[in-house]
Amino acid sequence: MTLFRGNIKYSDITAKADFLNRRQIIAGAAGLGAASFVGGAVQAQNLEYSTTDYAVNADITPKKDATSFNNFYEFGTGKNDPKDNASRMKIDPWAVEISGLVDNPGNYSLEDLLSGIALEERIYRFRCVEAWSMVVPWIGFSLSDILKRAGVQSSAKYVAFQTLNRPSEMIGIKRNPKFPWPYVEGLRLDEAMNPLSMIATGMYGESLPNQNGAPLRLVVPWKYGFKSIKSIVKITLTETQPQTTWNILAPKEYGFYSNVNPSFDHPRWSQARERIIGGGIFKRDTPMFNGYGEEVANLYAGMDLNKNY
Ligand SMILES: Nc1nc2c(c(=O)[nH]1)N[C@H]1C(S)=C(S)[C@@H](COP(=O)(O)O)O[C@H]1N2
Ligand SMILES: [Mo]
């Protein structure tokens, strides 16, 4: 398989005992054959899940950096605000409405949505449009798994996503009522069906922390980080291109596609290099499509990539 780029498991680089201690192993729930990361607790029916390193030989970002330096404006615009404020978000119970051009629309509980879906660990590079990057060991599954189950109709061309909009638990929404809440994002259907497009329910061998988008968030590693929408409550299959939050806010700066592209600068800064979070002052060159061109460049054949799509 061409996507395979090594086999480093987060658990292999963490002391095994420490790794196991950080999980809550719930006895008596065996049978699914895969760990399920639901709500606040890790329910580990089976500790073995496959790991694939897609990070092009980059070092994994220390967990404390990936979980304390965040963008999640629903909890404030400062990098530490999400970690400080996101614990107020109630993630259990959680439901995801799947609607639009699908055969099986409905308001699915998280448990129903994830039941029977095998989780896997994937180590991806993550590049924010602000020119910083991380390498994160996510746990989750391909977005296509749940789209196929929803029964995408042939007229569907795009997938729209929406984040929870609950001001009482999200202080950033209260502080910034003029922002166009809820946060929304979208992908073209073929981008959404690409095997790299992932729904994450965990990271670093544990359930997703609230500040990273619990209980489920999108991860699209060849696009700028703002496409990877957090704490999803709604997925809609549409015929027309959906609106996306940063494009609404600043259309000249943030396009719908927003593929990582070192040769196409942001109007206010260069995208050629990136600061490595948790790596001191280290910078590195940003690769085209964040290093995932082999897997995704064909999606954009014939498109002018040096344009703010
Ligand atoms: N709902 C929502 N999703 C969001 C954001 C946000 O503000 N709200 N910020 C985005 C941006 S700009 C980035 S870089 C990533 C950050 O993900 P991380 O905090 O897990 O690194 O989340 C993205 N998803
Ligand atoms: Mo970002």
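In which helix does D190 lie? D190 lies in helix 8, which spans residues 189–193, where helices are DSSP runs (H or I) of at least four residues and strands are DSSP runs (E) of at least two, numbered from the N terminus. This is a predicted model, in which local features need pLDDT of at least 70 and side-chain atom pairs count only at pLDDT 80 or more, while totals for chains, interfaces and linings use all residues. Residues are numbered from 1 along each chain as its sequence is written, chains are lettered from A and ligands numbered from 1 in the order in which they are written, and side-chain values use heavy atoms, with hydrogens and water left out.

View 1. D190 is partly exposed, with a relative accessible area of 34% (buried means under 20%, exposed over 50% and partly exposed in between, with a 1.4 Å probe and protein chains only). The side chains of D190 and R188 are joined by a polar contact of 2.7 Å, a term for a pair of N or O atoms within 3.5 Å; within protein, one atom must be able to donate a hydrogen and the other to accept it, and residues adjacent in sequence count only if both atoms are side-chain atoms. Y158 is 32 residues from D190 in sequence, and their C-alpha atoms are 8.1 Å apart in space.

**View 2. Ligand 1 and the residues around it.** Ligand 1 is surrounded by 17 residues, of which the closest are N70, Y73, E74, T163 and K230 (a residue is near if one of its heavy atoms lies within 4 Å). An oxygen atom of ligand 1 lies 2.8 Å from an N or O atom in the side chain of N70, an oxygen atom is 2.9 Å from an N or O atom in the side chain of N212, and a nitrogen atom of the ligand is 2.9 Å from a polar backbone atom of S228.

**View 3. Positive phi values at Y204 and F289.** Y204, in the loop between strand 10 (198–203) and strand 11, has a phi near 55° and counts as buried at 1% relative accessibility. F289 has a positive phi of about 55° and counts as buried at 4% relative accessibility.
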